[in-house]
Amino acid sequence: MSMKEAGTNTTMMQKNKTKGELLVVSGYSGVGKGTVIATLMKQHPEYVFSVSATTRAPRPGEVDGREYFFLTRETFDKWLAEDRFLEHTNYLDRCYGTPRDYVETKRNEGCHVILDIEVEGALNVKRACPEAKLLYIIPPSAEALISRLTGRGTETAEQVRGRLNKAVEETAVIPNYDYVVVNHEVQVTADEIHALVTGAEKPQLSLEEGIELACKIREDLTAYLKNPTNNDNINRKAIYDEEISMIHPSYSELMTKINAGGTGDDPVVKSRYSIVMGTAKRARQMVDNGYMEQEEHSRKPLSIAVEELDEGRIRILSDKEYQMLRAQKEEEKAAEEAAVEEVEAAEEVEAEATEEAEVPETEEQKEEQED
Ligand code: 5GP
């Protein structure tokens with residue numbers, strides 16, 4: 001079932017529920033946004049996809065009312081005059097608009113409506129509908145985005161560069177979004193979005209952290225794009241192998257393995273995201289420490305970190321262990337500070353004593369000292 005088919009599949013059950021959320025999902029081209037949305041909708045029937053109207057011609061396989069409402073320019077202008085769009089834009093000389101009615105009807109039925117629109121449209125939605133949640137999906141790294149775009153082999157090197165350039169430009173609008181979500185693994189990302197929409201969990205990354213990561217990605221993409229020969233000698237097989245090795249073992253498998261020793265009440269890791277963050281931190285540590293320069297093979301640091309975790313060479317601490325370790329470190333620090341203070345106090349006493357001993361008390365002593 002396609003995303004948009006699923007969007008029309010609202011059940012009567014959802015009627016009379018509290019008003020659903022309006023969710024605008026944007027992301028760099030190639031980040032896997034479509035797959036994330038499809039996964040979310042497949043697992044949660046309360047999400048529907050808003051079908052936009054456009055004046056562009058249908059592509060092969062596209063069905064009117066499913067992918068888009070395909071309108072003539074006259075009809076589009078008529079809808080516009082009748083205020084039937086929540087937002088609309090002109091993109092590559094074609095008109096696109098989000099029909100207000102569909103969005104409102106579905107939200108009133110209790111459905112969460114997803115809009116997959118370009119960034120200018122997203123900002124217009126926020127203006128028209130301030131309660132809308134704007135969510136920007138980014139890749140874990142520039143390298144991951146480049147691999148995804150080049151690895152799928154559907155675009156020419158020039159098209160890949162165009163998409164990367166657009167990603168560089170689009171980074172500037174991310175601070176206008178409400179959330180930044182890192183797409184390490186489709187299922188984890190879909191779960192995180194659902195948790196954000198339902199308010200079950202706080203975002204894994206604060207907006208500031210997300211923006212910081214996006215800026216780092218922009219820097220790396222800019223550096224990559226400066227080299228005109230990049231992209232021309234892509235070894236697709238190596239990229240494919242690399243991607244496969246990155247998902248084996250999957251984060252879910254790792255989570256099961258890590259939690260196997262613990263009790264159900266106190267799992268070591270409560271979500272796959274802890275593993276994602278743990279391995280990402282370890283990967284960054286390897287890069288910062290120059291470990292990757294010594295690595296003779298061409299694997300990515302994240303793959304090595306996942307392997308290390310799988311083989312038990314690195315460990316993710318449970319909250320309890322982490323708290324204990326922190327308390328122990330704080331105790332050690334306090335003891336160290338107390339010892340330093342003690343030494344300083346002793347030195348002060350000693351210095352005072354020396355000074356006192358040096359002060360001449362009698363005229364005789366004074367003369368003796370002067371001599
Ligand atoms: P495409 O023609 O490739 O389907 O879409 C082109 C661009 O238009 C995409 O970036 C898509 O997200 C955006 N788009 C699709 N529908 C709408 C809409 O209703 N409003 C806005 N602002 N952009 C849209």
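Predicted model: local features only at pLDDT ≥ 70, side-chain atom pairs only at ≥ 80, totals over all residues.
A polar contact is a pair of N or O atoms within 3.5 Å.

Take Tyr68 to begin with: a polar atom in the side chain of Tyr68 sits 2.5 Å from an oxygen atom of the ligand. On its own, the ligand has 510 Å² of accessible area, and the protein covers 84% of that. Two elements give two or more residues to the shell around the ligand, namely strand 5 (85–91) and strand 6 (94–99).

Stepping back to the shell as a whole, 14 residues surround the ligand, and the closest are Ser52, Arg56, Tyr68, Tyr96 and Glu118. Sorted by class, the shell has five charged, five polar and four nonpolar residues.

Next come the helix pairs. Helix 2 (residues 33–43) and helix 8 (residues 186–198) have axes that come within 9 Å and cross at roughly 65°. This crossing of helix 2 and helix 8 is right-handed. On the helix 2 side, the contact is made by Thr35, Val36, Thr39, Leu40 and Gln43, while helix 8 brings Val186, Gln187, Thr189, Ala190, Asp191, Ile193 and His194. Split by class, the contact of helix 2 with helix 8 holds six polar, five nonpolar and one charged residues.

Then there is helix 7 (residues 157–170), whose axis comes within 9 Å of that of helix 9 (residues 207–226), the two crossing at roughly 145°. Here helix 7 passes helix 9 in a left-handed fashion. Helix 7 puts Arg161, Leu164, Asn165, Ala167 and Val168 into the contact, and helix 9 answers with Arg218, Leu221, Thr222, Tyr224 and Leu225. The classes in this contact between helix 7 and helix 9 come to six nonpolar, two polar and two charged residues.

Notes. Residues numbered from 1 in each chain as written. Heavy atoms only, no water. Axes fitted to C-alpha atoms, helices over the stretch in contact; angles between N-to-C directions. Helix = DSSP H or I, 4+ residues; strand = E, 2+ residues; numbered from the N terminus. Left-handed = near helix turned anticlockwise from the far one by under 90°. Contact = heavy atoms within 4.5 Å. Nonpolar A, V, L, I, M, F, W, Y, C, P; charged D, E, K, R; others polar. Near = heavy atom within 4 Å. Polar contact = N/O pair within 3.5 Å; in protein donor to acceptor, adjacent residues only side chain to side chain. Areas by Shrake-Rupley, 256 points an atom, 1.4 Å probe, with all protein chains shown as cover.
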